[in-house]
Amino acid sequence: MSLLIELIRNLFRKPVTFLLPAENLPVPECFRGRIRISDEKCIGCSRCAKVCPAQCITMVPDQKEIEVKGKMITRKSRPRVNVLQCIRCGLCEDICPTDAIHLTRELSPSGPECEIEEG
Ligand code: SF4
Ligand code: SF4
């Protein structure tokens, strides 16, 4: 009998699960998600690649003129991050001299592709 009562009660209760992807999950302030790299700020110094404990950042050739403190410099390479190896430690963000690399609160995509870079 109690099982029947429980069954009837559950018919009128809201579901306890989230309706992903239609419904967004609340993301905590401290969440370390997708890495974004500003193509306009990165000077290609390789510090992020050197400090990365998971060795998931590789520098790839990419020549570009970048303005740093009013002076133009020619960047020769830029970082590429392997999402599946990244442990979200945040060291790359801490060491970057131009504030170009960030761990955002966005959920990372699945698959082996590198993180999306912004302009
Ligand atoms: S957050 Fe990821 S990419 Fe950055 S240093 Fe840590 S492991 Fe490497
Ligand atoms: S993201 Fe920052 S630390 Fe990494 S290469 Fe660019 S400027 Fe240097």
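Reader: What makes up the shell around ligand 1, by class?

Author: In this predicted model, the shell around ligand 1 has 12 nonpolar, 1 polar and 1 charged residues. Among the 14 residues around ligand 1, those that come nearest are C52, A54, C86, C89 and C92.

Reader: Which residues are closest to ligand 2, and how does its shell divide?

Author: Ligand 2 is surrounded by 14 residues, and the closest are C42, C45, C48, C96 and I101. The shell around ligand 2 divides into 10 nonpolar, 3 polar and 1 charged.

Reader: Why is R75 called partly exposed?

Author: R75 has 16 C-beta neighbours inside 10 Å. A buried residue needs 20 or more and an exposed one has 12 or fewer; 16 lies in between, and therefore R75 counts as partly exposed.

Reader: What does R75 touch, leaving aside residues up to four places away in sequence?

Author: R75, which is found in strand β3, touches C42, I43, G44, D62, Q63, K64 and I66. The C-alpha atoms of R75 and D62 are separated by 7.1 Å, although the two residues are 13 apart along the chain.

Reader: How do you know that β2 and β3 pair?

Author: Pairing requires at least two bridges; β2 (residues 57-68) and β3 (residues 71-81) have 10, in the antiparallel sense, and therefore count as paired. One of the bridges joins M59 to P79 in β3. The two strands form a hairpin with 2 residues between them, and K69 in the turn has a positive phi of about 50°.

Reader: What makes β2 hardly covered?

Author: Among the 12 residues of β2, the count of buried residues is 1.

Terms used: Residues numbered from 1 in each chain as written. Chains lettered and ligands numbered in written order. Predicted model: local features only at pLDDT ≥ 70, side-chain atom pairs only at ≥ 80, totals over all residues. Near = placed C-beta within 6 Å. Nonpolar A, V, L, I, M, F, W, Y, C, P; charged D, E, K, R; others polar. Helix = DSSP H or I, 4+ residues; strand = E, 2+ residues; numbered from the N terminus. Contact = placed C-beta atoms within 7 Å.
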